[in-house]
Amino acid sequence: MLEIIGAVIIVLGALVFVTGALALLRFPDAYTHVSAVGTAGGIGLVLIVVGVLLHDFTVSNAVVAVLIVTAQLLTSAVGSMALARSAYLAGSPLRRVTFNELEDDAGARRA
Amino acid sequence: MIGVVIGIVLVGLAGVSTVYRMVTGPTDAERAIAGDMLMFCVIAMLALFGVLLDTPSALEIVLIAALLAFLSTIALARALTRGRR
Amino acid sequence: MTWLTWPVRIVAFLLWFAWLVVRTNAVVLRDALTRGQDSTPGIARYDSRCRTDAEITLLSTCITLTPGTLTVGHHTPEESDVGHTIYVHGMYSPDADHLRAELRDIEGRLLSAIRREGGPS
């Protein structure tokens, strides 16, 4: 029973990974890519780790899995934000943008 | 076990398309982001093969790899801006 | 006495956040699978109601973990520690005010969950 739930959760996590990879292929600019990768790395990897834990459930594995889930949710998001900030500072272009208040404010502060 | 095999296939496909984006990505930023995604794919593969091959300490390896992925992401972000903050 | 309900509120927020991730991930997956692009990306300014660094960090983390939205940067005036402003890149909002309304919803739920005394403002 535990293994079946684990298999379902692993497939869900793999689908999140596929979403991230498809977004990398299809979406236009660096910021949409970072958004997809942050989700795939955070949520997808956490789901896969929980599924792996359910396949082989022991107390020591559960402790390590809790550590992985906490660390991964925090570090994946923080890493994505750092990459997005660096991409902006390196002048990566925004494509098909409909509104951009960061550029407005940065221009106002420079002036 | 069939769920683990499906997961390995899907994550493998995600890794292959990530490598394609890494080769063709028009700017440095997109290559760095693809590199980050590739690291996550490798970590997911480690966890899944740990179940498939019945490795005793797969989750510990995943923990170390996840922390290393954060360091590599920060290093890539720093390299993108050429060391400026 | 509201601190008695604190763990319940945290669990309720986590469940709501999981449901939000499922919904938005379905939107992103459908856009990536179907032909063409129907995203309207943009960056919006959001003046948050967070009071401490920990709260603004948790809010940015939640925004980044949600598919389709991403925190790009933040700005805090030097003289005080209130008035954190973050800049959020959103993919499926027709204009900046729509994105701000979504962020306000997430922030209100997060703050009333993590603050022991409760209440977003």
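Which element gives the most residues to the lining of the largest cavity? This tour of a predicted model, in which local features need pLDDT of at least 70, side-chain atom pairs count only at pLDDT 80 or more, and totals for chains, interfaces and linings use all residues, leads to the answer. Residues are numbered from 1 along each chain as its sequence is written, chains are lettered from A in the order in which they are written, and side-chain values use heavy atoms, with hydrogens and water left out.

A cavity is a set of points, on a 1 Å grid over the protein atoms alone, where a 1.4 Å probe fits but cannot get out; lining residues have an atom within 4 Å of a point. Grid points are joined across faces, edges and corners, and a volume is the space filled by probe spheres set on the points. The count is two cavities of 30 Å³ or more.

First, select Thr19(A), Ala36(A), Thr39(A), Val28(C) and Pro67(C), which lie nearest the centre of the largest cavity among its 15 lining residues. This cavity holds about 80 Å³ of space. Next, display helix 2 (30–55) of chain A, which gives the most to this lining, with five residues. Helices are DSSP runs (H or I, at least four residues), numbered from the N terminus.

Methods
1 Å grid on protein atoms, 1.4 Å probe; cavity = no way out; pocket = protein on both sides within 12 Å on 5 of 7 lines; lining within 4 Å. Helix = DSSP H or I, 4+ residues; strand = E, 2+ residues; numbered from the N terminus.
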